[in-house]
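Please read this briefing with the sequence and the structure side by side.

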Amino acid sequence: MVGVLQTEGLTKHFGHFKAVQDLNLEVQEGDLYGFLGGNGSGKTTTMRMILRLIRPTAGRVTLFGKDNRHHFIEIMQQ
């Protein structure tokens, strides 16, 4: 199976507020996921970090086996 999305220690702080803390997630090709949670639980912040709309405080995102910080254009062309 191909790893489509992987997060390792993904974290985002806004000042003292911890929006996402140490998220480890792996999505394989063919998997189907949904983000569920209450208001302020970090769903939108996580998606924004995956799509490089905001920078994580810590951790990394890998899409199709490539780090999204260094290969984002190449990833999006896939």
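In this predicted model, an open sheet is built from four strands in the order β2-β1-β3-β4, with antiparallel pairing; two strands pair if DSSP finds at least two bridges between them. The edge strands, each pairing on one side only, are β2 (17-28) and β4 (66-67). Residues are numbered from 1 along each chain as its sequence is written, and side-chain values use heavy atoms, leaving out hydrogens and water. Because the model is predicted, local features need pLDDT of at least 70 and side-chain atom pairs count only at pLDDT 80 or more, while totals for chains, interfaces and linings use all residues.

**Strands and helix**
- Strand β1 (residues 3-14) is joined to β2 in the antiparallel sense over eight bridges, and His-13 has Lys-18 in β2 as its bridge partner.
- Strands are DSSP runs (E, at least two residues) and helices are runs of H or I (at least four), numbered from the N terminus.

**Val-61**
- Val-61, found in strand β3, is buried because its relative accessible area is 2%, where buried means under 20%, exposed over 50% and partly exposed in between (1.4 Å probe, protein chains only).
- Val-61 and Gly-9 are 52 residues apart in sequence, and their C-alpha atoms are 9.0 Å apart in space.

**Met-76**
- Met-76 lies in helix α2 (residues 72-77) and counts as partly exposed because its relative accessibility is 46%.
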